[in-house]
Amino acid sequence: MSRVSGPWPPVDVEPPAVHPKAPTPGTELGIHFEECFGCGDEFEAGLHLRSRIGEAQTVYSEFTVTAAHQGAPGLAHGGLLACAFDEALGSTVGNLLRRPAVTGKLETDFRRPVPVGSTLYIEARLDGTAGRKIYASADGHLDAPDGPIAVSARALFVAVGFDHFTTHGDPAALKKLADAQEKAKRVREGRDWEINP
């Protein structure tokens, strides 16, 4: 048992148990949903965040700031940076624990400006679990994996059932996601040539 703190009172947590079917270190993570503003490619102004599994319950993500992401002239908008961290932390929770979860609380600390054209190298990690609560944190290094930390974040995710998405989500978007996942499964299994699977 260890203790975490953040935008919540200190809490005792269990070490996170990485799912046995979680992707292995070095695995490049694909887009979980084409229309996701964080990792998808559907929106030109999206974040286009790309991630890979690291060692020791860590996921590394990269986000390049474009002119579409600016707030003050030439600088990344703070809300978009928070969005990038939400995506990176959510990807960490979802891929390593293989449990559906939603963001309950997100705290970001902005330490230095992030200029348009720069890349944030986000190192996200699982910190612990307490029942349905999942704690994670991340640091965003400016322009290199070992660059200065520009943004840090801590988050609390809450594990939910799949009914959370079917009850509150868009049925057409959920069907698109299911169809895309089925197609990806056929490709992985070498059945992508089938006309009527």
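Tutor: The lining of the second largest pocket consists of E28, R50, S51, R52, Y60, S61, E62, Y121, I122, E123, H141 and P145. A pocket here is an open set of points on a 1 Å grid over the protein atoms alone, where a 1.4 Å probe fits, with protein on both sides within 12 Å along at least five of seven lines; lining residues have an atom within 4 Å of a point. The model is predicted: local features need pLDDT of at least 70 and side-chain atom pairs count only at pLDDT 80 or more, while totals for chains, interfaces and linings use all residues. Residues are numbered from 1 along each chain as its sequence is written, and side-chain values use heavy atoms, with hydrogens and water left out.

The volume of this pocket, the space filled by probe spheres set on points joined across faces, edges and corners, is about 180 Å³. Its lining has 5 charged, 4 nonpolar and 3 polar residues; Asp, Glu, Lys and Arg count as charged, Ala, Val, Leu, Ile, Met, Phe, Trp, Tyr, Cys and Pro as nonpolar, and the others, Gly among them, as polar.

At least two lining residues come from each of β4 (50–53), β5 (58–64) and β7 (119–130); strands are DSSP runs of E, at least two residues, numbered from the N terminus. These strands belong to an open, antiparallel sheet of 7 strands, ordered β3-β4-β5-β7-β8-β9-β6, where two strands pair if DSSP finds at least two bridges between them. Its edge strands, each pairing on one side only, are β3 (28–29) and β6 (101–110).

Definitions and conventions:
Helices (H or I, at least four residues) and strands (E, at least two) are DSSP runs, numbered from the N terminus.
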